[in-house]
Amino acid sequence: GGFSDTVASLTFNSQGGYNDGGPRFWTGAGTLTLTGGITATSVDDIRAMALFQGNLALASSTTVTVDKVAGTTLSGTRGDANEQAGLAINANISGGTTLVKAGLGALQFSVVSTSLAAINVNAGSLIVGASANLPNARITLAANTILDLRGQTGLAVGSVASSAASAVIKNFSLSTAGTLVTGADGTDATFAGVLVSDYTSGQLN
C-alpha cells in the first residue's frame, strides 16, 4: 500500500516523533506532491532527526531549509563545520528541476532523480546519503558551503561547480574513503574551492 497527497509545504519540528526518533513521513508506494518547500526547524535533539522516505514529486523549483542541530557542530582538521544532519530525505524524486538548499544546517540527501538538473547549496551542508544517484544534476556550492560524501562511494552527478574559494568538497569519515564521479551528463564545470579529507584513513577520491 501507499499514501498519496498534495500539500503546499512540509515542515518538520524535530521534537518527539516516532519512537523518540524524530518526525517521520513515509509514502510507501504512494507519492507526496509538494507545491512549496520543506523546512526542518527547532532541531535541538540529536536523537530526533527528521526523515522523509518514499516518493516525492516537486515543483519546478523547491527550497529545502534546514536549521543546525544545536550543540553538535564538530570542527574538522581545517576548521570546517561538520554538522549532524537535521533532515534526511531518502526518496525517489520526480518533476522538480531545481532544488535550493538553504539554512545553516546539514541536509542528508539519499535521493535518486533524473529530473533534478540543478542543486544549489546556498548555505550549510549537503551530505550525500547512501544510494544517492543524481546523474543529470549540477551541484553548485556558494561561499562557505560544503558537499560532504561521509564515506559514500560511487556517487555519480552531472557536475560540481563553484566560483568561491571557500566552497568545500570533503569526505568527513574516520575510516571509509569517499568517491565522487562527475561528468555523468557529459558536461563540464569549474570548481574554485577546496577538496579535502579530515582523516588520512578516510580519503576523498
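1. Phe-3, Phe-25 and Phe-52 together form one aromatic cluster, in a model that is predicted, so that local features need pLDDT of at least 70 and side-chain atom pairs count only at pLDDT 80 or more, while totals for chains, interfaces and linings use all residues. Residues are numbered from 1 along each chain as its sequence is written, and side-chain values use heavy atoms, with hydrogens and water left out.

2. The whole structure holds two aromatic pairs, where rings of Phe, Tyr and Trp (its six-membered ring) pair if their centres lie within 6.5 Å, and planes under 30 degrees apart count as stacked, over 60 as edge-to-face and the rest as tilted. Phe-3 and Phe-25 make an edge-to-face pair, with 6.0 Å from centre to centre and 65° between the planes. This pair links distant parts of the chain, as Phe-3 is in the segment before β1 (5-7) and Phe-25 is in strand β3 (residues 24-26), 22 residues apart; strands here are DSSP runs (E, at least two residues), numbered from the N terminus.

3. Phe-3 is partly exposed, at a relative accessible area of 39%, whereas Phe-25 is buried at 19%; buried means under 20% relative accessible area, exposed over 50%, and partly exposed in between (1.4 Å probe, protein chains only). The rings of Phe-25 and Phe-52 are stacked, because their centres are 5.4 Å apart and their planes stand at 20°. Since Phe-25 lies in strand β3 and Phe-52 in strand β6 (residues 50-58), this pair ties together parts that are 27 residues apart in sequence, and Phe-52 is buried, with 1% relative accessibility.

4. How many salt bridges are there? The count comes to two, a salt bridge being a side-chain nitrogen of Lys or Arg within 4 Å of a carboxyl oxygen of Asp or Glu. One of them joins the side chains of Glu-83 and Lys-68 at 3.4 Å, N to O, and it links distant parts of the chain, with Glu-83 in the loop between β9 (81-82) and β10 (85-94) and Lys-68 in the loop between β7 (61-66) and β8 (74-75), 15 residues apart. Glu-83 is buried, at 3% relative accessible area, while Lys-68 is partly exposed at 37%.

5. Arg-150 and Asp-148 also form a salt bridge, in which the closest N and O atoms are 2.5 Å apart. Here Arg-150 is partly exposed, with a relative accessible area of 25%, and Asp-148 is buried, with 1% relative accessibility.

How values were computed: Helices (H or I, at least four residues) and strands (E, at least two) are DSSP runs, numbered from the N terminus.
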